[in-house]
Amino acid sequence: MAVAEHPAEERGPKRAAVVLNPIKVDASKLREAVERHASAAGWGETLWYETTVEDAGQLVTARAISDGADVVMAAGGDGTVRAVAEALRGSGVPLALLPSGTGNLLARNLDLTMDFDEGIGLMFTGYDRDIDLGLIEFGPAGAAATSTHVFLVIAGLGIDAKMIANTNTKLKKAVGWLAYVDGGIRALPELHSIKMAVSIDGEEPWRDVSSHSVMAGNCGLLPGGILLMPDAKPDDGVLDFMALRPQGPFGWIRAWNKVTIENGVLAKSAAGRRLIEISPDVKDVVYAQGTDLRLKLESPQEIQLDGDEFGEASELHIWVDPGALRVRV
């Protein structure tokens, strides 16, 4: 699918809005930089909103749209970005990204700057790019009611969700994404194969499979340069699905080599890609693509969306909403 880029429309005075997570961001530093760039670009007074324990950003973002914001910046971690994007879905109002927090997952996948001041400047001078959103519907195990959420990068269950659930918050603040390695080690005693029924794009009959983890990706790049899903593109109208199914005592080693060496190193060069083509297929990591994934799990499992815990579920519906989010790049 071709990238849709739209020059920022020349009408004014325009107004930016900032949805701020005060725990994650230095508010005074941010205000100074935003107002400086807004003035230089000839924009009007910036609208400011803060997230709370009760509102991760969805409600205040809806208010910003209602108040006439021409662009909304998510100033916080990946959780704040996901919440703001959820409210901006289908609105046509672009999302601006502030480099902050541990992962900056979407910004890295869109190859945006990690410089604080330059990132703020993009909100006023950049272009708009339409990307897809992943959607997931699930509910607490055993409950009839379900809820729907968006994800921008990766949704998953199994080892990745357990790793995030076991990550130490204080360590994460101290060393950033490396804390997830510690979380992965803590999760090892809990690892086991999960039995489930799977249907992709409405296929019948459903397939019975076992996997240690299932992930759906709108983007494929993780912190540390790990290219988890090499074919995932944020604007191709499909999701990439990945299952970890380590076979035998060396299965995890083969899976790790596939993700880090093949995807992260070899796939970046023509010679490396030729080497991958002639190498034996790694059955421990399975990839697929589609627009709709349905899972029925034998037992409830922890869920994660873009690196945040979202409780447990036993039935999941995951699908793509093509071009549903406009991002300032």
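Residues are numbered from 1 along each chain as its sequence is written, and side-chain values use heavy atoms, with hydrogens and water left out. Because the model is predicted, local features need pLDDT of at least 70 and side-chain atom pairs count only at pLDDT 80 or more, while totals for chains, interfaces and linings use all residues.

The structure contains three cavities of 30 Å³ or more. A cavity here is a set of points, on a 1 Å grid over the protein atoms alone, where a 1.4 Å probe fits but cannot get out. Its volume is the space filled by probe spheres set on the points, which are joined across faces, edges and corners.

The largest cavity has a volume of about 110 Å³. Its lining residues (those with an atom within 4 Å of a point) are D78, V81, L97, L98, P99, N104, L105, L106, A107, L152, V153 and D306. Two or more of them come from each of α3 (78–88) and α4 (105–109), helices being DSSP runs of H or I with at least four residues and strands runs of E with at least two, numbered from the N terminus. The largest share, three residues, belongs to α4. By class, this lining has nine nonpolar, one polar and two charged residues (nonpolar: Ala, Val, Leu, Ile, Met, Phe, Trp, Tyr, Cys and Pro; charged: Asp, Glu, Lys and Arg; polar: the others, Gly among them).

The second largest cavity holds about 50 Å³ of space. Among the residues that line this second cavity are M73, A96, G119 and R328. Strand β5 (95–97) and helix α5 (116–125) each supply at least two lining residues, and α5 gives the largest share, three residues. Eight residues of this lining are nonpolar, two polar and one charged.

Conventions
1 Å grid on protein atoms, 1.4 Å probe; cavity = no way out; pocket = protein on both sides within 12 Å on 5 of 7 lines; lining within 4 Å.
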